[in-house]
Amino acid sequence: MSVETHSHNAHHEDPDVVGSRNRLGVILILVADIAFALSMVFVYFYLRAQNVNDMWLPKATEEHAAIVAVSSSKAWTVTAIAAVGLLTHFYALKGARAHNDVQLKLGSLIALIASITAIYFQYNTFVTAPFTFSDGAYVSCFYLFAVMNFVHLALTVFISFGNWNRARLGLYAANVWHVDIVNVWWVWMVVSSLLGAFCLSFP
Amino acid sequence: MTTTMNHPAAAAGKSRTPIIERLNIVTAFALGAISAFVVWRLALQFLPADSEVRLFTREDKITLLSMIAWFVGFMTGIGALVAPFRWVMGKDLSHDENMFLAGKDMGIKRYFRYTTDHKVVGIQYLIITMVIFGIGGILAMLIRANLGTPEGGLIHPQAYNSIVGTHGIIMIVGTIIMVTGPIGNFIMPIMIGARDMAFPRLNALSFWLIVAAAIPLIWAQFIGGISTGWSAYNPLAGQAPLGMNGYIMFICIFALSTMVAGANITTTVVRMRAKGMTWNRTPIFIYGVVASVALALPAFPVFFLSQVMSGMDRALDTSFYNTAGGGSGWLYENLFWIMGHPEVYVILIPAVAALMEMAPVFTRRPLFSFNVAVMGIAGISGLSILVWAHHMYISGWAPLLNAPFMLTTELISIPTGMLFLVLVGTLWRGRLWMTMPTLSIFALLWNFMIGGITGIYLSDVPADAFLHGSMYVTAHFHYTLMGAGLTGALASLVYWFPKMTGRMFDKKLSWISFWMVQIGFNVTFGGMFIVGLQGQPRRVEAYAALFNRGNLITSIGAAVIMSGMLVLLYGVISSWRHGVVAPMNPWHAKTLEWTVANPIPLENFAVLPVVTSDPYGYGKEKK
């Protein structure tokens with residue numbers, strides 16, 4: 001391999017180059033998360049289709065009342081709140097790109113509030129479920145979706161808080177790729193929540 | 001010499017050390033152990049007894065919670081959470097702090113910290129791989145010792161099962177990381193002309209996650225072990241002792257490590273190749289590493305999910321795999337093998353690609369048909385995600401799909417054959433420079449040919465009905481993973497040893513260990529093929545007298561392998577300490593890593609290179 005050399009300063013890479021690299025890295029990590037989420041969808045519909053021993057939603061017995069699927073409206077509510085968060089974060093991103101500091105701070109703050117609201121609703125869905133873990137395959141899947149969406153939302157709260165704090169401190173004045181990447185996360189968060197809500201709409 | 005950062009407190013004469021400087025492997029283990037103990041005590045105190053009859057649920061909850069606490073404590077203690085929290089607080093790491101994390105002028109201490117320099121991470125991976133192989137090898141010898149006589153009995157059956165399971169899973173993990181870990185981290189960035197990986201902190205994270213994962217697996221040995229074999233099929237795993245929780249945690253943490261490493265390595269190659277390094281000028285080893293991690297990236301989350309559900313079944317009494325509650329054992333088998341078969345190629349591809357990288361160097365000829373090599377790697381990668389159910393022919397799951405899966409499995413011989421063609425074509429009429437890596441190319445062709453041909457029988461539904469679950473299967477996959485994979489990894493170690501350590505690997509020791517390992521290997525698994533064809537099932541601790549001779553052959557071969565590996569280990573230690581100082585380019589190779597001086601500077605290149613030709617231009621100047 002023939003080689004020539006040219007001078008380069010490692011510590012002063014173009015922010016756009018760094019941003020592009022970080023964006024690709026996040027997308028690749030999301031590929032893993034997408035594989036995880038799609039596997040959950042597979043699990044849900046596989047067990048639903050198999051209905052082994054008629055225990056997807058167990059019928060009433062002498063010892064046990066019938067297990068009834070919960071309405072998926074709560075899952076859709078969480079998704080809707082997350083979608084509001086995404087829209088407001090997108091509003092913040094546009095503000096960041098336009099160097100509109102107020103828009104960036106306001107958008108990221110509302111996105112943070114949306115993520116906290118969504119996680120509260122998710123928690124509420126979890127604790128008000130009218131069954132226990134051992135009540136059949138549907139219930140197992142319900143809790144799996146609930147727990148995983150909760151973990152996603154917890155990460156979103158963490159990231160959104162950092163994003164808003166950094167906006168507040170004026171750290172995005174020079175470049176906005178952090179905000180851009182947070183937006184990528186928000187998009188995936190909403191899609192993954194939507195996948196869960198979609199599955200639970202077919203009990 | 002130890003570097004300390006120039007922080008304001010130090011400048012003002014105060015002795016307060018920043019937290020980032022105080023965290024290391026000791027704080028990690030301490031915080032992990034304390035966290036696990038505290039959570040264990042709290043769980044014992046406050047977790048209510050199970051209301052319904054189930055054997056392990058409360059104990060499973062306690063064990064899993066303690067292991068999760070260990071994991072969080074360990075990662076906090078090593079410093080993995082410093083940067084994310086600093087990001088959230090808006091206090092990004094300074095240049096000094098980043099230099100500290102890179103291990104600048106820190107000597108040997110940098111190997112025990114959350115060091116971000118890819119070369120340090122590469123050496124850390126090398127050491128942990130050797131430790132894994134050491135432990136796995138000892139467990140293999142215990143297995144062979146127990147199988148020394150037909151009646152077994154040297155080891156308690158339950159302990160024997162756990163040894164088999166633990167040997168299996170740690171060797172799988174060891175072989176997954178054996179090339180992409182040490183060589184992928186140390187050599188790959190230099191080979192593409194980069195100063196470091198794209199995400200140095202994620203690089204450190206991927207390594208320390210493996211260390212964090214090791215403890216639950218060790219823990220498992222004291223609470224019932226892993227008695228299910230490495231595949232941990234459910235519902236068997238749901239009924240296994242508490243040690244199964246260690247397996248679950250181990251896999252979950254290791255899967256995280258694999259995902260992080262996959263994203264990091266792929267981004268590095270896609271975004272950070274030197275100027276002029278077009279895809280046609282990118283060394284074939286890089287293709288192998290990227291194919292491996294790109295396959296692992298979507299595959300391991302599936303494994304992760306399968307273990308999350310396994311843990312939920314055990315600790316929360318859910319019903320993913322429990323048929324009485326509406327679950328399905330087939331579900332586990334599908335999820336496991338959707339990961340499990342690509343994983344075979346996650347192991348194989350980088351090892352074969354490493355040997356393809358060495359073949360032109362030691363034949364002084366260009367790589368025979370670079371494009372065919374790339375197509376072969378791409379073809380294997382693509383097909384490998386479509387073959388998983390050939391492990392499930394006789395499980396009863398979807399018999400109608402057996403034929404399509406047989407077809408896809410047999411189709412994979414075609415791209416595999418392309419890689420053979422490239423290697424044979426490169427060797428053909430080359431002026432061979434006989435080194436241990438050169439011998440390894442021949443060994444790979446021999447071993448992989450046997451592994452591949454015996455695999456065709458297993459991919460065939462009627463033949464598999466007879467061979468499934470026998471020692472034949474065990475011999476087959478050892479021929480591929482060890483005969484091809486490990487052979488490539490050991491050759492990689494010898495080939496890149498001068499660049500990684502600054503010293504040449506002792507030639508005599510490399511040859512002795514090569515012949516001992518290869519002869520021992522073929523004896524071991526040749527014997528195993530014989531007893532497999534005679535009908536000896538795998539994973540048994542006693543067998544009929546009929547199989548005695550084959551098992552004796554296998555045990556003798558295993559002892560020779562172990563001796564050869566010990567010679568290799570001695571070679572690593574003695575060459576590293578007292579070996580001949582290596583010149584910058586001892587093999588006269590043409591890839592970029594050989595253009596940097598030993599020892600390699602922190603940022604690899606004083607000035608970044610610009611590539612102007614392909615890396616295999618051997619012999620062209622004679623035309």
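B:His588 sits in the loop between α23 and β1 of chain B. This is a predicted model, and in it B:His588 has a positive phi of about 55° although it is not a glycine. As background, most residues other than glycine have a negative phi, and most peptide bonds are trans.

The loop between α23 (548-578) and β1 (608-611) of chain B also holds B:Pro599. The peptide bond joining B:Asn598 and B:Pro599 is cis, with omega about -10°. Another cis bond joins B:Asn234 to B:Pro235, and there omega is about 10°. B:Pro235 belongs to the loop between α11 (200-221) and α12 (236-239) of chain B.

Chain A has a positive phi to report as well. A:His99 is not a glycine, and its phi is near 55°. The residue is in the loop that runs between α2 (73-97) and α3 (101-127) of chain A. Is A:His99 buried or exposed? Its relative accessibility is 60%, so A:His99 counts as exposed, the cut-off for that being over 50%.

Back to chain B, for one helix. In α17, residues 402-411, the buried residues are B:Asn402, B:Phe405, B:Thr408 and B:Thr409. Where do they lie around the helix? Looking down the axis of α17(B), the buried residues fall within an arc of 130°, so they line one face. The general point is that an α-helix has 3.6 residues a turn, so residues three or four places apart point the same way. What do the buried residues of α17(B) pack against? Their partners in chain B are α16 (370-384), α18 (413-427), α19 (436-459) and α20 (461-467).

Now the interface. On chain A, 52 residues are in contact with 62 residues of chain B. The two chains bury about 4700 Å² between them, and 70% of that is on carbon and sulfur atoms.

How many salt bridges are found across the interface of chain A and chain B? The rule finds 1. B:Asp92 and A:Arg166 form a salt bridge, with their closest N and O atoms 2.7 Å apart.

Which elements of chain A supply at least two residues each to the side that touches chain B? They are β1 (3-6), α1 (15-50), α4 (137-168) and α5 (177-200). The largest share, 18 residues, comes from α1(A). By type, the residues on this side of chain A are 30 nonpolar, 19 polar and 3 charged.

Notes
Residues numbered from 1 in each chain as written. Chains lettered and ligands numbered in written order. Predicted model: local features only at pLDDT ≥ 70, side-chain atom pairs only at ≥ 80, totals over all residues. Heavy atoms only, no water. Contact = heavy atoms within 4.5 Å. Buried area = accessible area lost by both parts, 1.4 Å probe. Salt bridge = Lys/Arg side-chain N within 4 Å of Asp/Glu carboxyl O. Helix = DSSP H or I, 4+ residues; strand = E, 2+ residues; numbered from the N terminus. Nonpolar A, V, L, I, M, F, W, Y, C, P; charged D, E, K, R; others polar. Buried < 20%, exposed > 50% of the residue type's maximum accessible area, 1.4 Å probe, protein only. Arc of directions from axis to C-beta.
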